[in-house]
Amino acid sequence: MKLAKKECVVMLLAGGQGSRLGALTKKIAKPSVPFGGKYRIIDFALSNCVNSGLDTIGVLTQYQPLILNSYIGDGKSWDLDRLYGGIQILPPYQRVGDSEWYSGTANSIYQNIDFIDQYAPEYVLVLSGDHIYKMDYSLMIRAHKEKEADCTISVIDVPIREASRFGILSSDSDGRITEFEEKPKKPKSTHASMGIYVFTWKKLKEYLYLDNDNPDSSKDFGKDLIPAMLRAGEKMYSYEFCGYWKDVGTIESLWEANMDLLGDDGFDLSGDWVIYSRHEERPPQYISGDASITNSIVSEGAVILGSVENSVIFSGVKVNKNAVVKDSVVMADVEIKEGSAVNYSIIDEMVKIGPSLKIGTPKGTGINITVIPRDSVINNM
């Protein structure tokens, strides 16, 4: 069935295992990892879409999708519960003669060609669901149209020491891409792909079929499809992004992104560009007269009877008397009993920490960030 035309369809890749996040993604997909006191990582891509005027989104899930699917629901929290368009979860499914899971980012789009085709779009915006940033995608789509491009890749300048973690590209003075290499050992530039692509749908579909028919392809955008388009001389342009952007693919980067919300020089969640989320209604936070809070975020429903410093405290957290939380991320419904100290740690949801315990080591001692997995009960260390 072909529905009324949409100029642009968004395909949001949200099936990643996020193995570098260790215990935090043992039971949930990386895009559903909590962030910033009241959000989940996927909220940023979804909110960017809505704020950019894009209302037709396919969310491609695969690894541990239960919590993510439940969280997204019908999309109402992001104003995406539309009769026409809106949001749709797209897990891998069995077809005649083909029962494979998504085998790569390009393959996941290939397996959903019919979903895209029903809207007959001119353009397809491909996003990752595991980055923290605010971005107006409509400006990137406009640049794509003005250049009459086949593919536009959003890029950000990164330090040369980090460049080998990304797809690195070079462009001429007009922004046309001349070279692209996925995670090079010796990067030739510091222009890193953000994993945000605008494609002219007719051209992308052509290369999805070619990529699927190539037995040597790993079915990945960065490794296979984009280099193939570049070799063929297609019109490919870079789009430079200058705002805050963080790939929260490691424990360290997730902790850093949370800390960037604190102070005056980091990532500002206030303003007209609203980040929407789905969260329970909680009573107001309670902070006792004996409590101490310094440079921290404390969400609704939290009860602070002890001390919190340079930390992000989620909803429903209870920090009891004489307990100390410092340089840490404490996710929803955690209880820290009397006299315990939490330093330089990420505490996952619904953890219970007993009295008079020491969790983590003070920041700056050279010890890695301590992670306590979801639902843990810690009575001794």
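In strand β29, which residue is the bridge partner of Ile353? I will come to that in a moment, after a word on what we are looking at.

This is a predicted model, in which local features need pLDDT of at least 70 and side-chain atom pairs count only at pLDDT 80 or more, while totals for chains, interfaces and linings use all residues. Residues are numbered from 1 along each chain as its sequence is written, and side-chain values use heavy atoms, with hydrogens and water left out.

Let me start with the chain as a whole. Its secondary structure comes to eight helices and 29 strands, where helices (H or I, at least four residues) and strands (E, at least two) are DSSP runs numbered from the N terminus. The C-alpha trace spans about 65 × 45 × 40 Å along its principal axes. The radius of gyration, taken over C-alpha atoms, is set against a globule rule of 2.2 Å times the number of residues to the power 0.38; for 381 residues a compact globule would have a value near 21 Å, and the chain, with 22 Å, agrees with that. Of the 381 residues, 54% count as buried, which means under 20% relative accessible area, with exposed being over 50% and partly exposed in between (1.4 Å probe, protein chains only). Taking contact as heavy atoms within 4.5 Å, we find that among contacts between residues at least 6 apart in sequence, 59% join residues at least 24 apart.

Now to the sheet and the opening question. There is an open sheet of six strands, in the order β14-β17-β20-β23-β26-β29, with parallel pairing; two strands pair if DSSP finds at least two bridges between them. Strands β14 (286–287) and β29 (377–378) stand at the edges with a single partner strand each, so one side of each is left without a neighbour in the sheet. Strand β26 (residues 352–353) runs parallel to β29 and is joined to β29 by two bridges, and the partner of Ile353 there is Ile378.

A nonpolar core here is a set of buried Ala, Val, Leu, Ile, Met, Phe, Trp, Tyr and Cys residues joined through side-chain atoms within 4.5 Å. The largest such core has 48 residues, of which Leu254, Ile313, Ile336, Ile346 and Ile347 touch the most other members. The elements that give two or more residues to this core are α8, β19 (312–313), β22 (329–330) and β25 (345–347), and the largest share, five residues, comes from α8. A second, separate core of 38 residues includes Cys49, Ala163, Ile168 and Trp245.

Leu261, in the loop between α8 (251–259) and β14, counts as buried at 11% relative accessibility, and, leaving out residues up to four places away in sequence, Leu261 touches Phe35, Gly36, Phe267, Leu269 and Ile297.

Ser299 lies in the loop between β16 (297–298) and β17 (303–304) and is likewise buried, at 7% relative accessibility. A polar atom of the Ser299 side chain lies 2.8 Å from the backbone oxygen of Gly37.

The third, Asn320, is found in the loop between β20 (318–319) and β21 (324–326) and is buried, with a relative accessible area of 5%. The side chain of Asn320 makes a polar contact of 3.2 Å with the side chain of Glu335, a polar contact being a pair of N or O atoms within 3.5 Å, of which, within protein, one must be able to donate a hydrogen and the other to accept it, and residues adjacent in sequence count only if both atoms are side-chain atoms. Asn320 and Glu335 are 15 residues apart in sequence, with their C-alpha atoms 7.7 Å apart in space.

Finally, helix α7 (residues 221–231) is mostly covered, with eight of its 11 residues buried, including Phe221, Leu225, Ile226 and Met229. The N-terminal end of α7 is capped by Asp220, a side-chain oxygen of which lies 3.0 Å from the backbone nitrogen of Gly222, and just after the helix Gly233 takes a positive phi of about 80 degrees.
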